[in-house]
Amino acid sequence: MTKTLQDFNVAILVVDGFEQVELTEPRDALRAQGARVAIVSARRGPVQGMRHHDKGERVEADLIFAEAREELFDAVLLPGGVINADEIRLHPEARAFVRAMHEAGKPLAVICHGAWLLISADLVRGRKMTSWPSLQDDLRNAGAEWVDEEVVVDGRWISSRKPDDIPAFNRELLRVFALARP
């Protein structure tokens, strides 16, 4: 099988409280296609995942936000999780990184509550997106067109609602990322 994302570098941005399956399933799909993934977080060491309300597994951060530079990566993935999404948007370096990736025209994939970082980075105006339903007002108020669909592709942006939508999310993520290969 051809690995369509061989040597493609993806930054996955998370802090404690990320929804585990929204990181692990896309990460594993990316790795299966040859992509290299790096976990980027606020601090070094383990980052706590969640299985909805219960603690899940920890993942080890490869870089901190201040070390993540746009030129090191080909795409970015933003898992959700309410705790993760609410905190990550408070980190100026995380906002600056997603802004730099967007300005460089690199793909951006976001699921569930992960869109809060994009709202705080002032990137969603004019975008068609989906998310966990409780974010629809936030996205609309920030200028996005919110729709209730399992996955939405708007240019090089991929958004999805929830863990149940991960198969559709992964399909589109792999397709859009492969089209964006340098």
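Analyst: A salt bridge is counted where a side-chain nitrogen of Lys or Arg lies within 4 Å of a carboxyl oxygen of Asp or Glu. By this criterion, the whole structure holds 13 salt bridges. The model is predicted, so local features need pLDDT of at least 70 and side-chain atom pairs count only at pLDDT 80 or more, while totals for chains, interfaces and linings use all residues. Residues are numbered from 1 along each chain as its sequence is written, and side-chain values use heavy atoms, with hydrogens and water left out.

One of the salt bridges joins Arg44 to Glu67, with the closest N and O atoms 2.2 Å apart. Arg44 and Glu67 are 23 residues apart, so distant parts of the chain are linked. Glu67 has 25% relative accessibility and is therefore partly exposed (buried means under 20% relative accessible area, exposed over 50%, partly exposed in between; 1.4 Å probe, protein chains only). Another salt bridge pairs Arg69 with Glu71 at 2.7 Å, N to O. Here Arg69 is partly exposed at 43%, whereas Glu71 is exposed at 51%.

Arg127 has two partners to consider. Its salt bridge with Asp154 has the closest N and O atoms 3.7 Å apart. Arg127 also lies over the face of Trp157, at 4.3 Å from the ring centre (CZ of Arg or NZ of Lys within 6 Å of the ring centre and within 35 degrees of the ring normal). With a relative accessible area of 17%, Arg127 is buried.

How values were computed
Helices (H or I, at least four residues) and strands (E, at least two) are DSSP runs, numbered from the N terminus.
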